[in-house]
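The structure comes first, then the details.

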Amino acid sequence: MGDTAAGLLTIGVLVLLLAATHAPLGAYLAHVFTTDRHWRVERRAYRIVGVNPDQEQPWTVYAASVGAFSVVSFLLLFLVILAQGWLPLNHGESMHVDTALNTAVSFVTNTNWQSYAGEAGTSVFVQAVGLTVQNFASAAVGIAVVAALIRAIARHESRYIGNFWVDLTRVVVRVLLPIAAVAAVVLVLGGVIQNLAAPSDVTGVTGAAQSVPGGLVASQEAIKELGTNGGGFFNANSAHPFENPNGLTNLLEIFLLLVIPFALPRAYGIIVGDRRQGHAILAFMTVLWGASVALTTWAEVAAGTMEGKETRFGIWSSTLFAASTTATSTGAVNSLHESYSPLGGGVVLLNMMLGEVSPGGTGSGLYGALVVAVIAVFIAGLMVGRTPELLGKAIGRHEITLGALYTLITPALVLVLAGLAIVLPVSQGALLASGPHGLTEMVYAFTSAANNNGSAFAGLSADQPFLNLTLALAMALGRFVPMVLVLALAGRLVAQKRRPATAGTMPTHTPLFVTLLVSVALVVTGLTYFPTLALGPLAEALS
């Protein structure tokens, strides 16, 4: 079978798998978000932390709970990383403080940016007890926030958007743990390692000595993809044969990182009582993802080079992974994005600049898409001279202000911090390349951090105090400021009285509205980032 036929078959099988799971998983997520029943293990968890699961929260308390949980998570993970030299299953020294801080922020914010080499920088204990736990927790936080926003759109004349602790617990216990457990077993059957073996010294085919590490890889690999986290057990991430041995595990990992983001629109449609609304958001996400896969693959096939790609995957499976991991907030890689052609690298960079709504991360993708919908109905309302509405909720001055701030915060972080890093001597030396490619390396890093993706152009030597701290700042603000704005928007929407639909109400489930969503996302991103893209990947392609 030729490369093109094999690539098209892989994409076809992936689409079929996503289509088969979309409705049942989406319906199950809707049930998890709305049921009044608490499992016994959940009630025990609530008693331990002193939470009343039947008491819902207004948006301010919900946001404070998100913040408190995330701060405690950061402090615990930071201390575990710093103390790894004295903890079990350790094979080296503890990290420098700035690297440890960067890593703790990275995993708590669902970014999983790694300034260190995975197997060399962290012990097996830290990987399993610290990083893998946060892979579950940070993914659940994002899903909890979008659940709160969906409830706010569905309810009216209320103050309450749910209980964060209930949402967090249910998502971990009922969604992430069961799916990740099954996926980990399948990965082990596919050849991914899962052991506590000490590193083994072997002699390679060239006669050189090599240390082969062991570790609890399959369990981390499953949730790193399912939770759109992305941090690899090994420095080579999903290009390493112990993490991703063959084409079947590669397909499974791509499926895992897409399955929840593509299922959440179904849950949205069910909860708001109009499944067509979910279909419209799904179509918006699918158009952007499909275009990204097509453009990235076209660029790399046209370039005709295997540099930076694994021969066991080839170009098509490498670009499918690259487009999917940057269209979500995953950031796992099975090829070296640094080695992509200027246009191919530009497309994966653009995926993150879109705000990762195609389909985006677990939870963050859908609430980002709903913010795009808020902006789209506001623009449409201005054009026809009517009050903008989203499912009977007026989009007024306060709502559009929150939507605009959400849209602006991430580009501001990217452009300001990347600009500083480009001009300051302390960080200029971290660049491997100069000229347009060097600019792309630095912009890619801050775009990845602020959008909580975590992938990198490997030419940047980021493990230095200035970049560790500024990237950590970008990750933290890029995660939690938009979350607070989304929850504030939820507070505005849930308090409103629902307006009945009239002949002049703009439908938000039609192909026309999907076209408007795609146009708004592309135009806003283009106006924000086109000068940067023109000086980076476009200039490199033309040269």
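## Serine 329

Serine 329 is buried, because its relative accessible area is 2% (buried means under 20%, exposed over 50%, partly exposed in between, with a 1.4 Å probe and protein chains only). Serine 329 sits in the loop between α11 (314–327) and α12. Helices here are DSSP runs of H or I with at least four residues, strands are E runs of at least two, and both are numbered from the N terminus.

This is a predicted model, in which local features need pLDDT of at least 70 and side-chain atom pairs pLDDT 80 or more, while totals for chains, interfaces and linings use all residues. Residues are numbered from 1 along each chain as its sequence is written, and side-chain values use heavy atoms, without hydrogens and water.

## Contacts of serine 329

Leaving aside residues up to four places away in sequence, serine 329 touches Asn110, Thr228, Asn229, Glu356, Gly360, Gly361, Ser364, Asn451, Asn452 and Asn453 (contact: heavy atoms within 4.5 Å).

Glutamine 220 lies 109 residues from serine 329 in sequence and 17 Å away in space, C-alpha to C-alpha.

## The largest cavity

The model holds 3 cavities of 30 Å³ or more. A cavity is a set of points on a 1 Å grid over the protein atoms alone where a 1.4 Å probe fits but cannot get out; lining residues have an atom within 4 Å of a point. Points are joined across faces, edges and corners, and a volume is the space filled by probe spheres set on them.

The largest cavity has a volume of about 490 Å³. Its lining has 30 residues, with Leu354, Gly355, Tyr406, Thr410 and Asn451 nearest the centre. Two or more lining residues come from each of α13 (364–384), α14 (397–423), α17 (465–494) and α18 (511–542). By class, 16 are nonpolar, 12 polar and 2 charged (nonpolar: Ala, Val, Leu, Ile, Met, Phe, Trp, Tyr, Cys and Pro; charged: Asp, Glu, Lys and Arg; polar: the others, Gly among them).

## The second largest cavity

The second largest cavity has a volume of about 40 Å³. Among its lining residues are Tyr340, His437, Phe457 and Glu540. α12 gives the largest share, 3 residues. The lining divides into 4 nonpolar, 5 polar and 1 charged.

Terms used: On a 1 Å grid over the protein atoms alone, a cavity is a set of points where a 1.4 Å probe fits but cannot get out, and a pocket is an open set with protein on both sides within 12 Å along at least five of seven lines; lining residues have an atom within 4 Å of a point.
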